[in-house]
Amino acid sequence: MTIRYPNGKVYTPAPAIQKAKKKGKTKDFSYSNRGKTLEDEINEANDFYLERQLAIIHKKPVPVQIVKVEYPSRSAAVIREAYFRTPSTTDYNGVWNGHYIDFDAKETASKTSFPLKNIHGHQMKHMQQVKEHNGVAFIIVRFSAFERYFLVPYEVLQKAWHAMDNGERKSIPFSTIEKEAYEIPTSYYPRIDYLPVLQQFIEATSHGSESEEIKK
């Protein structure tokens, strides 16, 4: 099936994923996590939170318009071509502890940095709008080479994005991620229990805001 973006460009899966499929291999995860993608892990965590009434966070549906369908038989339909109706914003949103949560999930095989090409301009604009309305915007990044996970606040992305626009590097060094982001420890179930880390981030942000008010 061919899927196209709103501008007509053909959607192509990430090269790394295609390569793995061609070779018939999967990433080398730990035994308890073998074969799971970052999206699977976040979905698992969200189901865990929902079942225990800790948070209501869901993956956003992708708006797709079907334009070509074939009917090889009366009881079967095959979609041959479709378009993304609008550019995607972020992967997940919901409510937790009175906070509106909006974030994206990203993976990288790099051992040295997080490439900013993994984020699109309309996603940055969307997260900025979320921030302007007092929502919480961030991304969860998995460095697959180390099997390490980080909650990267929008503010860290924004700073790196502006630097890139001014001709500086097009990635965030791993050392910066370790220093300015919040690492999410892995556990048995859910593997990525990110809410406690999110709470740390929100508390640190609120304390910083209180300090600024005192200075004023």
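Helices (H or I, at least four residues) and strands (E, at least two) are DSSP runs, numbered from the N terminus.

The model is predicted, so local features need pLDDT of at least 70 and side-chain atom pairs count only at pLDDT 80 or more, while totals for chains, interfaces and linings use all residues. Residues are numbered from 1 along each chain as its sequence is written, and side-chain values use heavy atoms, with hydrogens and water left out.

## The chain as a whole

The protein chain has six helices and 11 strands. Of its 216 residues, 35% are buried, where buried means under 20% relative accessible area, exposed over 50%, and partly exposed in between (1.4 Å probe, protein chains only). The chain exposes about 13400 Å², and carbon and sulfur atoms supply 51% of that area. Accessible areas come from the Shrake-Rupley method with a 1.4 Å probe; for residues, only the protein chains shown count as cover. Contact means heavy atoms within 4.5 Å. Among contacts between residues at least 6 apart in sequence, 65% join residues at least 24 apart.

Helix H3 covers residues 121-132, and its 12 residues should span 16 Å at 1.5 Å a residue; the end C-alpha atoms are 17 Å apart, which agrees. The expected span is 1.5 Å times one less than the number of residues. The buried residues of H3 are Gln 123, Met 124, His 126, Met 127 and Val 130. Seen down the helix axis, these buried residues fall within an arc of 160°, so they line one face of H3; the arc is that of the directions from the helix axis to the C-beta atoms. An α-helix has 3.6 residues a turn, so residues three or four places apart point the same way. On the other side of H3, Lys 125 and Glu 132 are exposed. The buried residues pack against strand E6 (99-108), strand E8 (136-143) and helix H4 (154-165).

Helix H2 has 14 residues and reaches 20 Å from its first C-alpha to its last, close to the 20 Å expected. Its buried residues include Leu 38, Ile 42 and Phe 48.

## The nonpolar cores

A nonpolar core is a set of buried Ala, Val, Leu, Ile, Met, Phe, Trp, Tyr and Cys residues joined through side-chain atoms within 4.5 Å. In the largest, which has 25 residues, Ile 42, Phe 103, Tyr 194 and Leu 198 touch the most other members. The elements giving two or more residues to this core are helix H2 (38-51), strand E5 (92-96), E6, E8, strand E9 (148-153) and helix H6 (195-215). A second, separate core of 21 residues includes Phe 143, Phe 150, Ile 172 and Phe 174.

Leaving aside residues up to four places away in sequence, Ile 42 touches Tyr 92, Phe 103, Ala 105, Ile 140, Ile 192 and Tyr 194.

Asp 102 counts as buried because its relative accessibility is 0%. With residues up to four places away not counted, Asp 102 touches several residues, among them Lys 60, His 126 and Val 130. Lys 106 also lies in E6, and it counts as buried at 11% relative accessibility. The table lists polar contacts of these two residues, a polar contact being a pair of N or O atoms within 3.5 Å; within protein, one must be able to donate a hydrogen and the other to accept it, and residues adjacent in sequence count only if both atoms are side-chain atoms.

| Side chain | Partner | Distance |
|---|---|---|
| Asp 102 | Thr 90, side chain | 2.3 Å |
| Lys 106 | Asp 104, side chain | 3.2 Å |

## Loops and backbone details

Most residues other than glycine have a negative phi, and most peptide bonds are trans. Asn 134, in the loop between H3 and E8, has a positive phi of about 65° although it is not a glycine. Asn 134 is exposed, with a relative accessible area of 70%. In that loop, Gly 135 is buried, with a relative accessible area of 8%. The C-alpha atoms of Gly 135 and Asp 102 are separated by 7.3 Å, although the two are 33 residues apart along the chain.

Glu 147, in the loop between E8 and E9, has a positive phi near 55°. Finally, a cis peptide bond joins Tyr 189 and Pro 190, with omega about -5°; Pro 190 lies in the loop between strand E11 (182-184) and H6.
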